[in-house]
Amino acid sequence: MIIKKIFGALLLLAVLALPQNVFAEKTDYTDRNYYFRNIRTVIVLDATISPGVDVGGNIAVLNIQETFRQDAQRRLRCRIITEAQARQILSAQVGMNLEALAYSNPVQARQIVQQNAYQIADAWIYANVDAWGNTTYIEPERTVWENRRETRRYYDRFGRLREESYYVQVPVTYPPRRVDVSTVQVSMQVYDARTGAMVFARKDVRDREDYSAQSGMFGRISNSFYEDLAKKIR
């Protein structure tokens, strides 16, 4: 009996330690007149971070950009051109060194890539991290009714020992606990390369009861976006 009580207590602590609540909301826009199946080549621009949003430094930014590129390569059944590759290809066509320009004026270099994307691709994709952070609150002590399994032994009419399980509701009081929440919000758009018109967009907002879980959350956001885009392109 003592062992069972210890095991039950450890199981309860383990459950409480796990992330319990997840919030996710996706808002989409789709140009229903656009024929996505004409897309054969896309330029995936480097993901950007909104001013004032701290994702953990330059290495974290590079990891976010790499995740967004890799997911495109895994999910989209078309040719993928990275922003760096697009600069290299378009440098000769526009008559200027876009790689050098990207170091001195990355905004202008990206604008030139976007304006000339139609020469090498059917569409280009852009992502921006709008929010990335942690919050904390204290969940007060609470009492809830839970089912508890009980077992009773009895002898049937033939004199054989039997066991029967049943459930009873009992009040269980949980102490106050600190709750850490990770938040990520990402905006993603797809533009037609020839017209420059936005043909698909998504805002994905997610909260999770966990600490610094944003990298994994961003990966799921990116993967979900490309999965849904791939369905349109096929």
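Buried means under 20% relative accessible area, exposed over 50%, and partly exposed in between, using a 1.4 Å probe and the protein chains only. These legends describe a predicted model, in which local features need pLDDT of at least 70 and side-chain atom pairs count only at pLDDT 80 or more, while totals for chains, interfaces and linings use all residues. Residues are numbered from 1 along each chain as its sequence is written, and side-chain values use heavy atoms, with hydrogens and water left out.

**View 1. Ser212 in a loop.** At 41% relative accessibility, Ser212 counts as partly exposed. Ser212 sits in the loop between β9 (198–209) and α6 (214–233); helices (H or I, at least four residues) and strands (E, at least two) are DSSP runs, numbered from the N terminus. Take a look at the backbone here: phi of Ser212 is near 50°, a positive value in a residue other than glycine.

**View 2. The second largest pocket.** Rolling a probe the size of a water molecule over the atoms shows where empty space is left. A pocket is found on a 1 Å grid over the protein atoms alone: it is an open set of points where a 1.4 Å probe fits, with protein on both sides within 12 Å along at least five of seven lines, and its lining residues have an atom within 4 Å of a point. The second largest pocket has a volume of about 320 Å³, where volume is the space filled by probe spheres set on the points, and grid points are joined across faces, edges and corners. Its lining includes Asp46, Thr48, Gln65 and Tyr103. Helices α3 (83–94), α4 (98–104) and α5 (106–115) each supply at least two lining residues, and the largest share, 4 residues, comes from α5. By class, the lining divides into 5 nonpolar, 2 polar and 5 charged residues. Here Ala, Val, Leu, Ile, Met, Phe, Trp, Tyr, Cys and Pro count as nonpolar, Asp, Glu, Lys and Arg as charged, and the others, Gly among them, as polar.

**View 3. Helices α3 and α5.** Two packed helices are described by the angle between their axes and the distance between the axes. Helices α3 and α5 pack at an angle of about 75°, with their axes 10 Å apart. That makes α3 roughly perpendicular to α5. Axes are lines fitted to C-alpha atoms, for helices over the stretch in contact, and angles run from 0 to 180 degrees between N-to-C directions; under 35 degrees counts as roughly parallel, over 145 as roughly antiparallel, 65 to 115 as roughly perpendicular and the rest as oblique. From α3, the contact (heavy atoms within 4.5 Å) is made by Glu83, Ala86, Arg87, Leu90 and Val94, and from α5 by Ala109, Arg110, Ile112 and Val113. This contact has 6 nonpolar, no polar and 3 charged residues.

View 4. Val184 lies in β8 (residues 177–192), and at 0% relative accessibility Val184 counts as buried. Not counting residues up to four places away in sequence, Val184 touches several residues, among them Trp132, Val205, Met217 and Ile221. Ala131 is 53 residues from Val184 along the chain, yet their C-alpha atoms are separated by 5.3 Å. Asp180 is also found in β8; leaving out residues up to four places away in sequence, its contacts include Thr135, Arg208 and Tyr211.

**View 5. Asn223 in helix α6.** Asn223 is found in α6. Asn223 touches Asp71 and Arg75, not counting residues up to four places away in sequence. Gln70 and Asn223 are 153 residues apart in sequence and 9.4 Å apart in space, C-alpha to C-alpha.
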